[in-house]
Every structure is written in C-alpha cells, then in structure tokens.
Amino acid sequence: MTLRHLKIFVAVCEYGSTTKASKALYIVQPTISHSILELEEYYNVKLFDRINQRLVLTDIGKDLLVKAKEILSGFEDFESLATFHEQTSIVKIGASLTLGQTLIPRYLQLVEKNNLSIQPQVVVRPSNALEVELEQGNLDFAVIGGDVLSPYLNTIPLSNDRFVAVALADYDIPKTLTFEELVKYPLLLRERGSSSRDFIEKIAIGKGIQIRTKMDSSNNQALIAAVYSSLGVSFLPESYAGGHIARGKFKEIEIKDISSTRTNYLVIHKNKKLNQLQQQAFDLIKSMV
C-alpha cells in the first residue's frame with residue numbers, strides 16, 4: 001500500500017463520495033473506487049458501508065481515518081523539512097507580455113531592494129503558452145493578463161487594466177467610434193494567443209464581425225513603433241500606452257459600445273505545493289497590488 005492510497009481514502013472520507021473526491025484530486029472516479037477496494041482487500045477490512053448509494057464509515061474505518069491522517073501529516077512534516085534544506089533559491093515565474101514589461105521590472109527591483117534570498121527566473125510568453133507551461137510544471141507560478149482557460153489552474157485577481165485604442169496624435173480618425181467602425185481602419189494587433197488579441201477577437205465574435213490586421217506582432221514595442229509611423233490603430237493596455245497619451249504623442253479613440261477592462265491574475269497549478277522561498281516570491285507579487 002502507498003501514501004496515494006491513504007490520500008484517496010482520506011479524500012473520500014472528507015468529501016463523502018468517490019465522485020467528489022475524484023474532482024478534488026483530479027483522478028478519474030474508477031481509480032478512486034479501485035484504490036479503496038485495494039485497501040479493503042489488502043488489509044481484509046471493511047472501510048465503508050454502502051447504504052442507499054452513500055458511503056458510511058465503519059467503526060474500524062473511523063479509527064483508520066485518524067491513523068491515515070497522522071501518517072499523511074507526518075509525511076508532510078518530513079517533506080517540509082527535507083524541502084527546506086534542499087530547496088533551491090531559484091523561482092521560475094512566467095509573465096504575459098504586458099505584465100512582463102510593466103509589473104515584472106518593479107517586482108525584480110523589490111527583490112533586490114529587500115535583499116531577498118530568492119533568485120527569480122522570469123520567462124515572458126503569450127498567455128496560452130504560459131498556461132501550458134504551468135500545466136506541465138515548468139513554472140512555479142505566473143502573472144497573466146486576461147482570462148485563464150485551463151481548468152487545472154487557480155487564479156488570484158491582482159489588478160484591473162484597461163485596453164485603449166490608440167493612434168498617432170495627428171492620425172486621421174475620429175476620436176469616438178463604434179467597435180465596428182474602428183475595425184475598418186488598419187489594425188496593429190498582438191499575435192493570436194496573446195491576451196490582448198483574444199480580448200479583441202472575443203468582442204468581434206460576439207458582434208459577428210471579422211477583423212483583419214495590417215500588422216501582427218509578438219511585441220508591444222513593435223506596435224508602439226508602428227503607431228508612431230502612423231500605420232494604423234492599435235489596441236494596447238493603458239498601463240503601457242498611457243505615457244504616450246499623456247505626452248500628447250498618441251490620442252485615445254473612445255469606443256462607444258464596448259467595455260475594455262480586463263483583470264490581471266496571479267496563476268498557479270491547483271496541485272502545486274510551494275516551498276518556503278517560492279511562497280515568499282509568490283506573496284511578494286500579491287503584496288504589490
């Protein structure tokens with residue numbers, strides 16, 4: 001028998017059914033049921049009475065539940081101690097492009113200012129790529145702008161940001177348009193899979209509008225340069241474009257019929273257990289907003 005069997009047994013007890021335990025542990029229900037059966041057969045003991053499709057702990061099952069929790073708690077203490085002594089100071093952090101250019105530099109400055117022991121290793125990728133990296137365990141956590149689609153990830157809201165449609169200050173375009181009117185102008189957008197592109201395409205699909213781009217870029221700075229070259233209209237996070245607007249270089253185009261606010265998230269795999277230094281890095285980002 002293994003710790004996995006005990007974890008499944010405790011989960012079934014706590015959730016009251018194999019179905020709920022299956023969802024909580026992200027293990028298919030037949031595996032949950034088979035593990036309970038293996039425990040009962042291995043120790044020749046009846047853990048549950050099956051009454052009206054309900055699982056009711058037997059008396060021996062109640063006693064064994066206490067012992068199982070003690071064993072799992074002891075193992076967690078063992079892991080914590082071992083991890084504390086062997087843990088690396090490297091923390092692998094993912095960031096979607098805008099947050100990689102706005103939030104992450106401030107974060108790295110805070111790490112240095114506070115003389116923390118952590119060594120952040122940051123990778124900046126499109127949001128969909130970061131979700132894959134988190135699912136595969138290649139990142140400890142990430143900061144992502146916009147919706148997170150994976151059911152295997154937990155999200156913690158960090159802040160709100162607003163997308164703004166911008167053009168060069170003297171670009172020939174009205175200052176107020178509908179979304180349908182706006183997308184008739186040459187569009188300078190991020191690549192597919194980025195949160196800002198997903199945001200625009202979601203609106204377009206909802207309105208039954210097909211958008212065509214003059215320029216697709218994986219880099220916000222390239223879009224900024226294209227706007228300065230008066231090549232068209234771009235959608236950019238306010239946190240990134242606001243300075244150009246404030247200096248009078250860009251003008252913001254008001255879009256009458258859409259809401260352009262999005263949420264930025266701190267994202268971690270549902271099964272990820274952070275060690276002490278990773279938790280320190282995680283908490284630092286939470287404290288920044």
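Six aromatic pairs are counted in this predicted model. One of them joins Y42 and Y43, whose ring centres lie 4.8 Å apart, with 80 degrees between the planes. The arrangement of Y42 and Y43 is edge-to-face, because the angle between their planes is over 60 degrees. Y42 itself counts as exposed, since its relative accessibility of 54% is over 50%.

Positive phi values occur at several residues other than glycine. Most residues other than glycine have a negative phi. N44 has a phi near 50 degrees and is placed in the loop between α3 (29-43) and β1 (48-51). With a relative accessibility of 72%, N44 is exposed. N115, too, has a positive phi, near 55 degrees. The loop that holds N115 runs between α5 (97-113) and β4 (119-124), and N115 is exposed at a relative accessible area of 67%.

Helix α9 spans residues 220-228, and its buried residues are N220, L223, I224, A226 and V227. Because these residues cover an arc of only 160 degrees around the axis, they are on the same side of α9. At the start of α9, a side-chain oxygen of N219 comes within 2.6 Å of the backbone nitrogen of Q221.

Another contact between an asparagine side chain and a backbone nitrogen involves N275, where a polar atom of the side chain lies 2.8 Å from the backbone nitrogen of Q278. N275 is located in the loop between β12 (261-269) and α11 (276-287). In contrast to the exposed N44 and N115, N275 is buried, because its relative accessible area of 11% is under 20%.

The largest pocket of the model has a volume of about 570 Å³. Its lining consists of 18 residues, and those nearest the centre of the pocket are K7, L25, E76, N271 and K273. Helices α1 (3-15), α2 (18-25) and α4 (59-86) each contribute at least two residues to this lining. The largest share comes from α1, with seven residues. By class, the lining of the largest pocket comprises nine nonpolar, eight charged and one polar residue.

The second largest pocket has a volume of about 330 Å³. It is lined by 17 residues, of which G146, D147, S195, D198 and F199 are the closest to its centre. At least two lining residues come from each of α6 (127-135), α8 (195-206) and β12. Of these elements, α8 provides the largest share of the lining, five residues. The lining of the second largest pocket divides into eight polar, five charged and four nonpolar residues.

Key:
Residues numbered from 1 in each chain as written. Predicted model: local features only at pLDDT ≥ 70, side-chain atom pairs only at ≥ 80, totals over all residues. Heavy atoms only, no water. Helix = DSSP H or I, 4+ residues; strand = E, 2+ residues; numbered from the N terminus. Buried < 20%, exposed > 50% of the residue type's maximum accessible area, 1.4 Å probe, protein only. Polar contact = N/O pair within 3.5 Å; in protein donor to acceptor, adjacent residues only side chain to side chain. 1 Å grid on protein atoms, 1.4 Å probe; cavity = no way out; pocket = protein on both sides within 12 Å on 5 of 7 lines; lining within 4 Å. Points joined across faces, edges and corners; volume = space filled by probe spheres on them. Nonpolar A, V, L, I, M, F, W, Y, C, P; charged D, E, K, R; others polar. Arc of directions from axis to C-beta. Phe/Tyr/Trp six-rings, centres within 6.5 Å; stacked < 30°, edge-to-face > 60°.
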